[in-house]
Amino acid sequence: MRANRLLGSALVEHNLVKFEDLEAANDRLLEHVAAGHYRKASLLGILVGEKKVLREEDVLHVVMEEHALGVADLRHYDVPEAVRKGLDIGMCWATWTVPYDKEEDFWFVASAYYLSPAVRTHWEKHLGGPILWQATSMDIISDVLERFTEERNAAAAQPTP
């Protein structure tokens, strides 16, 4: 909830959405949470997909221009097993963020919620090392997390020797 709230504030600050649209999206967010639809409980998803008052491309443009981040497409990226194995997929869904590589002490992290300070702070504390941030879309985050979930389910279904 905090990640969504702070993302909403950033979207208003960057003049990407009107306050009234944010309030309506927040109401819808609470409806999703109350119904237990946690993957739909995304302020960005509601503003882009349901309310259609924001284009995700505009958010990515702000992140690229004002925060000097690149954009990562992880759909075909081979995330090292050591990184995949340690991921809390639930936290990745909650923050719309995926750590996707580690070189020495540096983490490579892609996020659709980069504009939320709560998301950045969480991952900085959790990973405990310097982060090289990349922006990405919610669709890409969804694809990657669904692939990781399928891999874990398939591994769990394998009989143990």
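User: Where is K52 found?
Analyst: K52 is in the loop between helix 3 and helix 4. Helices are DSSP runs of H or I with at least four residues, strands are runs of E with at least two, and numbering starts from the N terminus. The model is predicted: local features need pLDDT of at least 70, side-chain atom pairs count only at pLDDT 80 or more, and totals for chains, interfaces and linings use all residues. Residues are numbered from 1 along each chain as its sequence is written, and side-chain values use heavy atoms, without hydrogens and water.

User: What's phi of K52?
Analyst: Near 55°, a positive value in a residue other than glycine. Most residues other than glycine have a negative phi.

User: Is K52 buried or exposed?
Analyst: K52 counts as exposed, because its relative accessibility is 64%. The cut-offs are under 20% relative accessible area for buried, over 50% for exposed and partly exposed in between, with a 1.4 Å probe and protein chains only.

User: Which other residue besides glycine has a positive phi near 55°?
Analyst: N15 has that phi. It sits in the loop between helix 1 and helix 2. N15 counts as exposed too, at 70% relative accessibility.

User: Back to helix 3. Which of its residues are buried?
Analyst: Helix 3 covers residues 43-50, and its buried residues are L43, L44, I46 and L47.

User: What covers them?
Analyst: The cover includes helix 1, helix 2 (19-34), helix 4 (56-67) and helix 8 (138-157). Contact means heavy atoms within 4.5 Å.

User: New topic. At what angle do helix 1 and helix 7 pack?
Analyst: About 130°, with the axes 7 Å apart. That makes helix 1 oblique to helix 7. Under 35 degrees counts as roughly parallel, over 145 as roughly antiparallel, 65 to 115 as roughly perpendicular, and the rest as oblique. Axes are lines fitted to C-alpha atoms, for helices over the stretch in contact, with angles from 0 to 180 degrees between N-to-C directions.

User: Which residues meet there?
Analyst: R2, A3 and L6 from helix 1 meet P117, A118 and V119 from helix 7. The contact holds 5 nonpolar residues, no polar ones and 1 charged. Ala, Val, Leu, Ile, Met, Phe, Trp, Tyr, Cys and Pro count as nonpolar, Asp, Glu, Lys and Arg as charged, and the others, Gly among them, as polar.

User: What's buried in helix 7?
Analyst: A118, V119, R120, W123 and L127. The buried residues of helix 7 pack against helix 1, helix 6 (89-95), strand 2 (97-103), strand 3 (106-111) and strand 4 (131-135).

User: And what follows helix 7?
Analyst: G128, with a positive phi near 70°.

User: How about L69, buried or exposed?
Analyst: Buried, because its relative accessible area is 11%. L69 is in the loop between helix 4 and strand 1 (70-71).

User: What does L69 touch?
Analyst: Leaving out residues up to four places away in sequence, L69 touches V63, M64, Y114, W133, Q134 and A135. L69 and W133 are 64 residues apart in sequence, but 6.6 Å apart in space, C-alpha to C-alpha.

User: Zooming out, how many helices and strands?
Analyst: The protein has 8 helices and 4 strands. Their order along the sequence is α-α-α-α-β-α-α-β-β-α-β-α.
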